[in-house]
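This report goes through a protein–DNA model strand by strand. Please look over the sequence and the structure before reading on.

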Protein chains: 2
Amino acid sequence: MQKNKLYKGSLSTIVLSLLKEQGKMYGYQITREVEKITNGQLKVTEGALYPTLHKLEAKGLLSVEMAKVNNRVRKYYFITEKGKKETANLLNEMKSFISNMEVLINPKLA
Amino acid sequence: MQKNKLYKGSLSTIVLSLLKEQGKMYGYQITREVEKITNGQLKVTEGALYPTLHKLEAKGLLSVEMAKVNNRVRKYYFITEKGKKETANLLNEMKSFISNMEVLINPKLA
DNA sequence: TCTAATACCTAAGCAAATTAGGTATGTAGT
DNA sequence: ACTACATACCTAATTTGCTTAGGTATTAGA
């Protein structure tokens, strides 16, 4: 099971899309969830994830709620209305990219 | 017709894949061809392309042949054997990324 | 007691785009 | 002749956004 490349710029889309679907999530949970959904193929590193969450919060696309579970702090992130709109844009960009890539790398479709 | 995002890391894959399929191409031609194939949705900027071509040549994945057409210099790039192998790897990575993204952004597939 | 899992975080470094220039020739319109 | 645009190459500063490699602290299990 080899580790796969995360193309730069795609992490925000992954995070926002997950939060839009699954409601509240905390950082560590996102790393586990991505790994689970992709059968261990894609790993979101914490060094990339936490700065991304902070950036999305600073942009007003996510909001935070602190929780204490088992004496451990958890920061639950929620998507905002502004975040939902931006998610739709990012998903469209991602889908366009994918369809463009598919015609570019598949000579039969070109 | 909006311009689409080029996720960082994907340009080498696009260039190598095109050259593998279409034989020799020169830089300016690649920018036109990508735009044409994607119906104007994806634009490869020259500021990204030329350094990428030079890098791929330095790695031995491409080779170059100069030509003079209409008193203008053209640098035709060809894919090497080493380049073909690397292209196969990059295409696999891209396909894995796409299938991972699709399950991540499409809740019905998860 | 040691390790692994949970849960947060930052900082240095690096890769790869974007943006914004530059040179030079050929062609078409006014 | 002047202008504008297409062709065809190029570089450099900047920005973005990862990877790598640390760090802290708590809980659970061998």
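This is a predicted model: local features need pLDDT of at least 70, side-chain atom pairs count only at pLDDT 80 or more; totals for chains, interfaces and linings use all residues.

## Contacts to DNA strand D

A polar side-chain atom of Arg72(B) is found 3.0 Å from a base oxygen of DNA strand D. For Val73(B), a backbone N or O atom lies 3.4 Å from a sugar or linking oxygen of DNA strand D. Elements giving two or more residues to the surface near DNA strand D are α3 (46-58) of chain A and, from chain B, α2 (27-37), α3 (46-58) and β3 (72-79). The largest share, 5 residues, is that of α3(B).

Around DNA strand D there are 26 residues, of which Asn71(A), Tyr26(B), Tyr28(B), Glu46(B) and Tyr50(B) come nearest. Of the atoms of DNA strand D that come within 4 Å of the protein, 64% belong to sugar and phosphate. Sorted by class, the surface near DNA strand D comprises 8 nonpolar, 10 polar and 8 charged residues.

## Contacts to DNA strand C

DNA strand C is surrounded by 25 residues, and the closest are Tyr26(A), Tyr28(A), Tyr50(A), Arg74(A) and Lys75(A). Sugar and phosphate make up 66% of the atoms of DNA strand C that come within 4 Å of the protein. The surface near DNA strand C has 7 nonpolar, 10 polar and 8 charged residues. At least two residues of this surface come from each of α2 (27-37), α3 and β3 of chain A and α3 of chain B.

Tyr26(A) has a polar side-chain atom 2.6 Å from a phosphate oxygen of DNA strand C. A polar backbone atom of Gly9(B) is 3.0 Å from a phosphate oxygen of DNA strand C. On the base side, a polar side-chain atom of Arg72(A) lies 2.9 Å from a base oxygen of DNA strand C.

## Strand pairing in chain A

Strand β3 (residues 72-79) of chain A pairs with β1 (residues 25-26) of chain A in the antiparallel sense over 2 bridges. Here Tyr26(A) is opposite Tyr76(A) of β3(A).

Strand β2 (residues 62-69) of chain A also runs antiparallel to β3(A), joined to β3(A) by 8 bridges. Leu62(A) faces Ile79(A) across this pair, standing opposite that residue of β3(A). The hairpin of β2(A) and β3(A) has 2 residues between the strands, and Asn70(A) takes a positive phi near 55 degrees in this hairpin.

Technical notes:
Residues are numbered from 1 along each chain as its sequence is written. Chains are lettered from A and ligands numbered from 1 in the order in which they are written. Side-chain values use heavy atoms; hydrogens and water are left out. A residue is near a molecule or strand if one of its heavy atoms lies within 4 Å of it. A polar contact is a pair of N or O atoms within 3.5 Å; within protein, one must be able to donate a hydrogen and the other to accept it, and residues adjacent in sequence count only if both atoms are side-chain atoms. Helices (H or I, at least four residues) and strands (E, at least two) are DSSP runs, numbered from the N terminus. Ala, Val, Leu, Ile, Met, Phe, Trp, Tyr, Cys and Pro count as nonpolar, Asp, Glu, Lys and Arg as charged, and the others, Gly among them, as polar. Two strands pair if DSSP finds at least two bridges between them.
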